[in-house]
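Q: I would like to learn how to read the features of a protein model, one at a time. Could you take me through them slowly, with the general idea before each case?

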Amino acid sequence: MSALSFSSDTPLDDPGYSRLKEYLVKFTGLAYYSERDTELARLLGRRLAATGLPDCTAYFNLLQHPLHGVTELDALIAEITIGETYFFRHQEHFDALRDQVFPELIQRNGRTRSLRIWCAGCSDGCEPYSLAILLKREMADQLAGWDVTILGTDINRNCLARAREGLFPSWALRATTETLKEQCFTKEGNFWSLCPQYRKGVSFQYHNLVENLSSPNASLSEFDLIICRNVMIYFGQELMRRMVLQFHHSLVPGGWLLVGPAEPNMTFFTSFRSVQLPGLTLYQKSSESVLHSSPTVSPSFALPLLVPPSPALPPLTMPPPIVPNKSQTSAESEVETTLALAQRHADTGRWEEAARCCEGLLVTDPLNPRVHLIRGLIFEQMGRFDQAEQSLRRVIYLDHQSVLARYSLGLVLQSRGQVHPAVRCFENTLQLLDSVSRDYRYSDADGITAGELRELATMHLGILREQICNAPA
């Protein structure tokens, strides 16, 4: 039997289709597809064709595979999720945040001088970055010296990888004024790159809103503002109700919730105080309980390009087993503990503290390429490109096969306008990736696959080559 094409005029008579659909809707919560079999079947058909599997049952079995299932599920989610977004979408929402929500939060949080924001279903990052631009341009004086962090989460790992790049097509800036384009972005070929100062304090993390609704993730708590726009409209009514309760749990007393214009259902928001404004409704959690204080739960959000997913694919080749002695085990444990602390500092925008964690490790282990890599990534996020380049070149000296170091060095050189050296870095990245399975996941790169990394390197290489071709003779 050949792979089903599932065209619009093909009967959906595959005996395994119903079970596959049920599993998919349950995992993602996308009840949107419950009555859209033709559209869902067409998208599933693409993955069947890509994997070469004969039918839905074989494909369902692939999704259940303990190793390769995660990778294929990510590919399928990239097909079926709706990722359409752009900067400053629904301008009236950002006006309300600027005029109503942020002034109230700044007044209430004056003692802690901290502000924590969660953008749930952030797609490729336009929403959290729009917030960063708003806060740093229009409220910089009020927030001077504050600890402001913005977390974007999504179920689509491809979108998260693009978000971390901070690189956007012109279509994503269609609602952005020319002044903002010129002052907040730099043109790179056909793309616009967000300036480093607006990326600082913004991090991204994989999260499935449907999972663990009965016991929300402890790290996803103590937020002052949660934004979840144009996401819940794809979910069923019961799931939407439970999700609103999760958001209520994740807010501090007095915290705010902003949803999309088509999502309000007053029966779901009875635990909030509603605030009616032109074109939207805001929801605020009661502040009658304990006033806002510094978070009691230490967040464990992902430093961009650092946190591995679970489960991760094993290396392509396994070295002979090595039995470490006690001193080796202790040293490795110290490294992991300190790097985890560095990540927690980075998650909350404390980049200097994160860098110092790495520097402390290098005092006793100066030849550890992984520590140099993470240190380089931290410096890149801080905009300290000289130090980032030095750290990444040290990684390459210690480990010639480090794909992540060469790719990250290419990004740093590209940011500094060193076009030809950046081209060589991305070319070397692609050359190294030739010997790596597309499904292999890099644990120090938030679980990004070799295939995704190849696509990103190819994209940057295309931009740079276009710049070379268009450069004056």
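The dialogue below goes through helices, aromatic pairs, charges over rings and salt bridges.

Q: What kind of model is this, and how are residues numbered?
A: This is a predicted model, in which local features need pLDDT of at least 70 and side-chain atom pairs count only at pLDDT 80 or more, while totals for chains, interfaces and linings use all residues. Residues are numbered from 1 along each chain as its sequence is written, and side-chain values use heavy atoms, with hydrogens and water left out.

Q: How should I read the length of a helix, and what does helix α2 span?
A: Helices (H or I, at least four residues) and strands (E, at least two) are DSSP runs, numbered from the N terminus. The expected span of a helix is 1.5 Å times one less than its number of residues. Helix α2 covers residues 37–51, and its 15 residues should span 21 Å, which agrees with the 21 Å between its end C-alpha atoms. Just after α2, glycine 52 takes a positive phi of about 75°.

Q: How many aromatic pairs does the structure hold, and how is one read?
A: Rings of Phe, Tyr and Trp (its six-membered ring) pair if their centres lie within 6.5 Å; planes under 30 degrees apart count as stacked, over 60 as edge-to-face and the rest as tilted. The structure holds 14 aromatic pairs. One of them joins tyrosine 23 and phenylalanine 27, which are stacked at 6.3 Å centre to centre with 20° between the planes. These two residues are four apart in helix α1 (residues 17–28), so about one helical turn separates tyrosine 23 from phenylalanine 27. Tyrosine 23 is partly exposed at 22% relative accessible area, whereas phenylalanine 27 is buried at 18%.

Q: Why is the pair of tyrosine 23 and phenylalanine 60 called edge-to-face?
A: Their ring centres are 5.5 Å apart and the planes stand at 85°, so the pair counts as edge-to-face. Tyrosine 23 lies in helix α1 and phenylalanine 60 in helix α3 (residues 56–63), so this pair ties together parts that are 37 residues apart in sequence. Phenylalanine 60 is buried, with a relative accessible area of 11%. Elsewhere, Phe87, Tyr129, Phe168, Phe185 and Phe204 form one aromatic cluster.

Q: Where does the charged end of arginine 157 sit?
A: A charge sits over a ring if NZ of Lys or CZ of Arg is within 6 Å of the ring centre and within 35 degrees of the ring normal. The charged end of arginine 157 is over the ring of tyrosine 206, at 3.9 Å from its centre. Arginine 116 likewise lies over the face of phenylalanine 223, 4.5 Å from the ring centre.

Q: With which residue does aspartate 74 form a salt bridge?
A: A salt bridge is a side-chain nitrogen of Lys or Arg within 4 Å of a carboxyl oxygen of Asp or Glu, and a search of the whole structure finds 19. Aspartate 74 forms one with arginine 157, and their closest N and O atoms are 2.8 Å apart. Aspartate 74 lies in helix α4 and arginine 157 in helix α7 (residues 157–165), so the pair ties together parts that are 83 residues apart in sequence. Aspartate 74 is buried at 6% relative accessible area, and arginine 157 is buried at 11%.

Note on methods. Buried < 20%, exposed > 50% of the residue type's maximum accessible area, 1.4 Å probe, protein only.
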